[in-house]
Amino acid sequence: MELANWIKSIAERRWPILPNTLGELKDICARHSDLINFTDLANLCLSDPFLLLDLVRVVGGSRALQRNESIPSVEQTLLLMGLEAVTNRFGRVAALEAVPDKLDAEVLEAVEDWLGRSRVAALLIKEWLSLQGDHKVEDCFVAALLYNLPACLFMMQRNQLPDRPLLQEMSNAFDCDYAQVLEQFIKLMPLPTGLNALLGPGSPTKRRQLLRLAMATANSLEQGTWRSTWQVGVEAAAKLIGCAPYLAHQAVVHAALSVARHPRAVGYMYPVRSLLMLEGEYKRPSLQKTAALSDAEQMEKAIRESIRHLANDLKFERVLYYRYDQDAHTLKLRYQLGLGDSHPLRKLPLGLEPGSFFAVLTSKPQSFHAPASVRQQLERRYEDLFFEHVGDNEFALITLFVGHTLSGVFYVDNGHSGQAIDEDSYHRFKDLVARLTLLPQ
């Protein structure tokens, strides 16, 4: 089938939205009209790309929008339609569910994953634009949410997982670039033509380049963030923005964490799980494998993997993890790499008496980087046995909280060579531990 014919065929029907979105949408629309807030509805549309598609295609054929090539904000679109039209339209939308012979559960799971990637990319482009002082972001945010939708619909219609990367498989199927797929999708769905300035083919602009980098970054997380091909995209974005690479990378972590903390579907958590992967062969996340581990076992496994990553990949010479013992109100060494067999820290519990260093540190989620000069000041101020036994080296600490509950403390240093901890290693250390806060306890 030709691309134009295929898009016309999918444009003839309304597409369902995620079940969790539908439940919240029904709750909002069931309120008295005076209690329905368009801002709440707009935020809901921006959380589910399928609901956003259902909304923007209503105004996509507007002559005024086609003439001006503008992209109205989601809230403006809702206001233009009016409350009665909005509630009538949204009252007839269906839920996206696995149906025998029509949509397999594994395909639905993959669709949720790709919708989650779009949401990560949307938050990422928003953060990257903000870093360069550009706060006009909703056009790029909406474009990012819509970017993966043609590929998701393609996968749903075929009802099978792709053999190649999804966007590449769709491009090969229609023998054209994905930008051309998006151009036809915008034209024939129809959607506001202003989206072509960001999504369709054409000369590159800075915003278009940043959007493409955000999409590529979010869509390729599963291939491994340790790969140079992934890292070069984040570094290119940093150069465009004019910021340090670690800030551009931090924005990726924050976006993935934000999506996973407010998931519309299980697949929304896959991007952050990809961030947690250590270097090695890629394996697709599995609902069944995840369910086989209890929450506590999952956290324990993630902590052990993080320790190996800190030692093997970030090259910290000593890595310690102290678990919080609530009954004794102390920190006890649970895991370590780099301590000698007879090292006194192996058996030394860290007290949390009021006013002590570790009581102050564990009072809230925070990190602490102590160069040698600061470390000496700490020893004089707190007179803690920990500083006496850990040596004169520069070190870094970070607390691990799950929700509002203290779980433990990570410690890293280069206690054998005395090498300083550079800023990049320190920020990667913080990012790694921050990802653990997503896992349940």
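This is a predicted model: local features need pLDDT of at least 70, side-chain atom pairs count only at pLDDT 80 or more; totals for chains, interfaces and linings use all residues.

Biologist: Is Phe429 buried or exposed?

Modeller: Buried means under 20% relative accessible area. Phe429 has a relative accessible area of 0%, so Phe429 is buried.

Biologist: Which residues are in contact with Phe429, leaving aside its neighbours within four places in sequence?

Modeller: Some of them belong to strand β5, residues 395–402. Leaving aside neighbours within four places in sequence, Phe429 is in contact with Leu310, Leu314, Phe316, Ala396, Leu397, Ile398, Phe410 and Val412.

Biologist: How many residues of β5 are buried?

Modeller: Strand β5 covers residues 395–402 and is mostly covered. The number of its residues that are buried is eight of eight.

Biologist: Which residues of β5 point the other way from Phe395, Leu397, Thr399 and Phe401?

Modeller: In a regular strand the side chains alternate between the two faces of the sheet. In β5, Phe395, Leu397, Thr399 and Phe401 point one way, and they are buried. Pointing the other way, and also buried, are Ala396, Ile398, Leu400 and Val402.

Biologist: What is the order of the strands in the open sheet?

Modeller: The sheet is open and has six strands.

Biologist: What is the bridge partner of His369 in β5?

Modeller: Strand β4, residues 367–370, pairs with β5 in the antiparallel sense over four bridges. Ala370 stands opposite Phe395. The partner of His369 is Ala396.

Biologist: On the other side of the pairing list, which residue in β6 stands opposite Phe401?

Modeller: β5 and strand β6 (residues 405–413) pair in the antiparallel sense over eight bridges. They form a hairpin with two residues between them. Gly403 in the turn has a positive phi of about 70°. Opposite Phe401 stands Leu406.

Biologist: How are α4 and α6 placed to each other?

Modeller: Helix α4 (residues 49–59) and helix α6 (residues 74–81) have axes 10 Å apart. They pack at an angle of about 60°. α4 passes α6 in a left-handed crossing. By their angle, the two helices are therefore oblique.

Biologist: How many nonpolar residues has the contact of α4 with α6?

Modeller: From α4, Leu52, Leu55, Val58 and Val59 take part. They meet Val74, Thr77, Leu78 and Met81 in α6. By class, this contact has no charged residues, one polar, and nonpolar residues numbering seven.

Biologist: Is Ser118 buried or exposed?

Modeller: Ser118 lies in helix α8, residues 105–131. Leaving aside neighbours within four places in sequence, Ser118 is in contact with Pro49, Ala144, Leu145, Asn148 and Met215. Its relative accessibility is 0%, so Ser118 counts as buried.

Biologist: Which residues are joined by a cis peptide bond?

Modeller: Look in the loop between α12 (178–188) and α13 (196–199), where Pro190 lies. Omega of the bond is about -15°. The bond joins Met189 and Pro190.

Biologist: What is phi of Lys315?

Modeller: Lys315 is found in the loop between α19 (295–312) and β1 (318–325). With a relative accessible area of 58%, Lys315 is exposed. Phi is positive in this residue, which is other than glycine, and its value is near 65°.

Biologist: And what is phi of His329?

Modeller: His329 is found in the loop between β1 and β2 (330–337). At 40% relative accessibility, His329 counts as partly exposed. Phi is positive here too, in a residue other than glycine, and lies near 50°.

Technical notes
Residues are numbered from 1 along each chain as its sequence is written. Side-chain values use heavy atoms; hydrogens and water are left out. Buried means under 20% relative accessible area, exposed over 50%, partly exposed in between (1.4 Å probe, protein chains only). Contact means heavy atoms within 4.5 Å. Two strands pair if DSSP finds at least two bridges between them. Axes are lines fitted to C-alpha atoms, for helices over the stretch in contact, and angles run from 0 to 180 degrees between N-to-C directions. Angles under 35 degrees count as roughly parallel, over 145 as roughly antiparallel, 65 to 115 as roughly perpendicular and the rest as oblique. A crossing is left-handed if the near helix is turned anticlockwise from the far one by less than a right angle, and right-handed if clockwise. Ala, Val, Leu, Ile, Met, Phe, Trp, Tyr, Cys and Pro count as nonpolar, Asp, Glu, Lys and Arg as charged, and the others, Gly among them, as polar.
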